[in-house]
Amino acid sequence: MTTNPISATAISELSRRFAGPLLQSGDDGYDDARQIWNGSADRRPGLIARCTGVQDVLSAVRFAKAHDLLTAVRGGGHSIPGHSVCDDGLMIDLSLMTAIRVDPRFRTAVAQPGLKWGGFDRETHAFGLATPGGYVSTTGIAGLTLGGGIGWLGRKYGLTCDNLISADVIVADGELVHASEDENPELFWGLRGGGGNFGIVTAFEYQLHALDSVLGGAVVYRGDRLAEVLPQFRDFALAAPRELTTLALIITAPERAPYPPDMRGQSALFVGVCFAGPAEDGQAVLDDLRSVAKPDLDLVKEMSYPRLQSMLDDGPGWGLPWYEKASFADVITDEALDILVTRWSARTSPRTQLYMQQMGGRIADVGEDDTPFSNRDTQFVYMMMNGWELGEDPRPHVAWARETWAALQPHSKRGVYVNFDSDDDETRVQATYGPKYQRLSEIKAQYDPGNLFRLNQNILPATADVTVAASGSV
Ligand SMILES: Cc1cc2nc3c(=O)[nH]c(=O)nc-3n(C[C@H](O)[C@H](O)[C@H](O)COP(=O)(O)OP(=O)(O)OC[C@H]3O[C@@H](n4cnc5c(N)ncnc54)[C@H](O)[C@@H]3O)c2cc1C
């Protein structure tokens, strides 16, 4: 049995100030608490501090600082690189903090950082309100918001971070500060796309919008029609009104309904749609696609927004190993679409997935310097995701994703959406933020000069020896 690098005396002292469970290896619940979405991140923290409220988070941050501990912060546990769990150090687990309060008068909601989108949407839906989340309901609100947040309502209402009104943040010196346009505005700016670099958010305040149901679902095409339909989908999506957000996904169709028996286990192009406007207008818009590319399966209907949000939930399963790369698409050339088709035919796993996520609309209305989130003028994000079985050799699957990403580079913009990359690459983080990296680096120096919060797409404090690339290459 290995000894815990965090001393028993220190843990005992923390336990006097900490209300939630403090778990060490061998304790009941330790193995469940250290598991996150990506099964590749099989790590064993010296201590898991399961916070029940703001006071616990304050105590945990002060403890981490006092003992100079490697510190991981876990909200909804969906970090793709596995940043929310670490070996040996302290895992500050916020997943027990799931309260939300909706204020229908001002159309706002304040939520704790352990909440997932499913819980958030359920409560706001009770008031006929919603704010943009992602494309699934299983991810945490915390990590998704801080990295940006691309989802079904993006073209109509912007990124999730565009709908953040304020936040309570515990910064590295163990103080609680409020951040908004009026209070600590630089910190507030950094939180909208700068990731978890500046402190631990204990409350997120969001702007909500009146939204009850949407015209949603998907039109699905057999895999042998990829080359024919992808360009038709692209042309349709680029001309679509901002009420419509689409997500094209090349997958191996699951072995279940609603797929007919002859589509199950076969390649398919799944074009997910969300029309946030009158359903009859949405049907008319979608008819433009149906008329040029008749679907093999039409699953579009009016549904509640929470139902749409959970439509893809059972796709990328919890606890399995995954690897992911992504790029902001430049112009979507026919050649880029050919690359998608060719790379799909070289897939390595039944869990391989290739995405084209549509941006534009309200996302592009927000100025490039208004938030750290970069590449707002892009029309699509390409994402290549690969999964394999626990115990299997990951290398061919990782290589497939990397090679696919590399093949698309001539058709991609610089940088990456920080929430969509499995690799830690400082140069690429700098390239992503471009000239804004310097500003982020100064905010980091003010709120976390010792880089306590470094398990993330890390921004180095301006005091460190940083060479800032105004425009780097990826
Ligand atoms: C299955 C799946 C689907 C996804 N779909 C989408 C999507 O549709 N749209 C999209 O934009 N992204 C999507 N993502 C990416 C997602 O936004 C990020 O993985 C995000 O970090 C998840 O947040 P979390 O709180 O669940 O993660 P966690 O693993 O808990 O946290 C991730 C990181 O966020 C930071 N963090 C978490 N909580 C806090 C906090 N309270 N204060 C400060 N920092 C904190 C930490 O750096 C932490 O390492 C998806 C990811 C997965 C795995």
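These legends walk you through several close-up views of a predicted model.

**View 1. Helices H14 and H15 pack against each other.** Two packed helices are described by the angle between their axes and the distance between the axes. Here, helix H14 covers residues 426-433 and helix H15 covers residues 436-447. Their axes lie 7 Å apart and form an angle of about 110 degrees. Angles of 65 to 115 degrees count as roughly perpendicular, so H14 is roughly perpendicular to H15.

**View 2. Side by side, these residues bring H14 and H15 into contact.** From H14, look for Val 429, Gln 430 and Tyr 433. They meet Lys 436, Tyr 437 and Leu 440 in H15. Sorted by class, this contact has 4 nonpolar, 1 polar and 1 charged residues.

View 3. Are the two partners buried or exposed? Asp 31 has a relative accessible area of 45%, so it is partly exposed. Arg 34 has a relative accessible area of 12%, which means it is buried, as buried means under 20%.

**View 4. A salt bridge joins Asp 365 and Arg 242.** The closest N and O atoms of this pair are 2.7 Å apart. Asp 365 is partly exposed, at a relative accessible area of 42%. Arg 242 is partly exposed too, at 34%.

**View 5. Lys 413 and Asp 377 link two loops.** In this salt bridge, the closest N and O atoms are 3.4 Å apart. Lys 413 lies in the loop between helix H13 (395-408) and H14, and Asp 377 lies in the loop between H12 and strand S19 (380-387). The partners are 36 residues apart, so this pair also links distant parts of the chain. Asp 377 is exposed, with a relative accessible area of 51%.

**View 6. Five residues share partners in one salt-bridge network.** The members are Arg 222, Arg 225, Glu 228, Asp 262 and Asp 296.

Methods:
Residues numbered from 1 in each chain as written. Predicted model: local features only at pLDDT ≥ 70, side-chain atom pairs only at ≥ 80, totals over all residues. Heavy atoms only, no water. Axes fitted to C-alpha atoms, helices over the stretch in contact; angles between N-to-C directions. Helix = DSSP H or I, 4+ residues; strand = E, 2+ residues; numbered from the N terminus. Parallel < 35°, antiparallel > 145°, perpendicular 65-115°, else oblique. Contact = heavy atoms within 4.5 Å. Nonpolar A, V, L, I, M, F, W, Y, C, P; charged D, E, K, R; others polar. Buried < 20%, exposed > 50% of the residue type's maximum accessible area, 1.4 Å probe, protein only. Salt bridge = Lys/Arg side-chain N within 4 Å of Asp/Glu carboxyl O.
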